[in-house]
Structure formats: C-alpha cells, structure tokens
Amino acid sequence: MNIPANLKYTKDHEWVSIEGDIATVGITDFAQKELGDIVYVEVETLDQTIEKDEVFGTVEAVKTVSDLFLPLSGEIIEFNEELENTPESVNSDPYGAGWMIKIKIANEAEIDSLLSSESYKELIGA
C-alpha cells in the first residue's frame, strides 16, 4: 500500500499536500482500493468557502457512491477537470494525476489535526 510520508491524511481517507496557504486534496490509495473502479468524481463546491469536515463532493465507483470531506476549512479554488474525462486516474495514480481539489486554507491551525503517514498507517492497519 502506497502511503507517502510527505503527505498529511484524514480519518476519512483523504490525503493533503500543503504548499504555503494552498492545499491539494485527493483520496488515498487505501480508499480507492476499497471503493473499486471509480467512474465519476463530482465537486459542486468550486469557488465556495466551506468548513473542515463538510462534504465538498462525491466519488462514484461501480458499486457505491461516497462523500468527500474537506480536510481543512477554506475556499475551493480549483477542481481537477481531467477527472471529468479520466476518473480512473484516481485508481491508477491517486497521489498524482488523481488529485481532486485545491483549497486556499482559511485556518492554518487545523493542519495540526491532520494525521502523519505513520498515524494513518495505524488507522488502516497497514
């Protein structure tokens, strides 16, 4: 299982990469394996400011639909439009081409509530 040490994680199986006050968010390798073949990613919150742990979108797999939860409060400033044509990128490259959104972070103190790669490994039993 791929769990890069340079990223932060949530209990809801999102990963977060932080550069300055911008966070890039996607779902983890563990989450995409649990969901199975992803056929659609929907984010209707572009250009909205929402709070940590609120739903920012959904990911649809062949067998299920799952909500996506915002790991940090802020404004959703970008959606990975490539996912509209190639949602399977979330399966094949969850930490690269499969990223989902970028957030302008509203409260940097929330970063401390994210999990390290080691803590995330413990959570999923890896």
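This is a predicted model: local features need pLDDT of at least 70, side-chain atom pairs count only at pLDDT 80 or more; totals for chains, interfaces and linings use all residues.

Student: Is E82 buried or exposed?

Tutor: E82 is placed in helix 2, which covers residues 82-85. The cut-off for an exposed residue is over 50% relative accessible area. E82 has a relative accessible area of 56%, so this residue is exposed.

Student: In what order do the six strands of the open sheet stand?

Tutor: The pairing in this sheet is antiparallel. Strand 1 (8-9) and strand 5 (49-50) stand at the edges with a single partner strand each, so one side of each lacks a neighbour in the sheet. The order is 1-2-3-9-8-5.

Student: Why is strand 3 described as largely enclosed by the rest of the structure?

Tutor: Strand 3 spans residues 22-27, and a residue counts as buried under 20% relative accessible area. The strand is largely enclosed because the number of its six residues that are buried is five.

Student: Which residue is the bridge partner of V16 in strand 3?

Tutor: Strand 2 (residues 14-19) and strand 3 run antiparallel and are joined by six bridges. In the hairpin of these strands, two residues lie between them, and G20 takes a positive phi near 65°. The partner of V16 in strand 3 is V25.

Student: Which residue of strand 9 is the bridge partner of T24?

Tutor: Strand 3 also pairs with strand 9 (residues 101-105). This pairing is antiparallel and extends over four bridges. Within strand 9, the partner of T24 is K102.

Student: Which residue of strand 2 does K8 stand opposite?

Tutor: Strand 1 runs antiparallel to strand 2, and two bridges join them. The residue of strand 2 that stands opposite K8 is V16.

Student: What is the phi of H13?

Tutor: H13 belongs to the loop between strand 1 and strand 2. Its relative accessibility is 21%, so H13 counts as partly exposed. Most residues other than glycine have a negative phi. H13 is not a glycine, yet its phi is positive, near 75°.

Student: Is D53 buried or partly exposed?

Tutor: D53 sits in the loop between strand 5 and strand 6 (55-61). Although D53 is not a glycine, its phi is positive, about 75°. The relative accessibility of D53 is 45%, so this residue counts as partly exposed.

Student: What distance separates the C-alpha atoms of K11 and F30?

Tutor: K11 is placed in the loop between strand 1 and strand 2. At 61% relative accessibility, K11 counts as exposed. K11 and F30 are 19 residues apart along the chain, and their C-alpha atoms are separated by 12 Å.

How values were computed
Residues are numbered from 1 along each chain as its sequence is written. Side-chain values use heavy atoms; hydrogens and water are left out. Buried means under 20% relative accessible area, exposed over 50%, partly exposed in between (1.4 Å probe, protein chains only). Two strands pair if DSSP finds at least two bridges between them.
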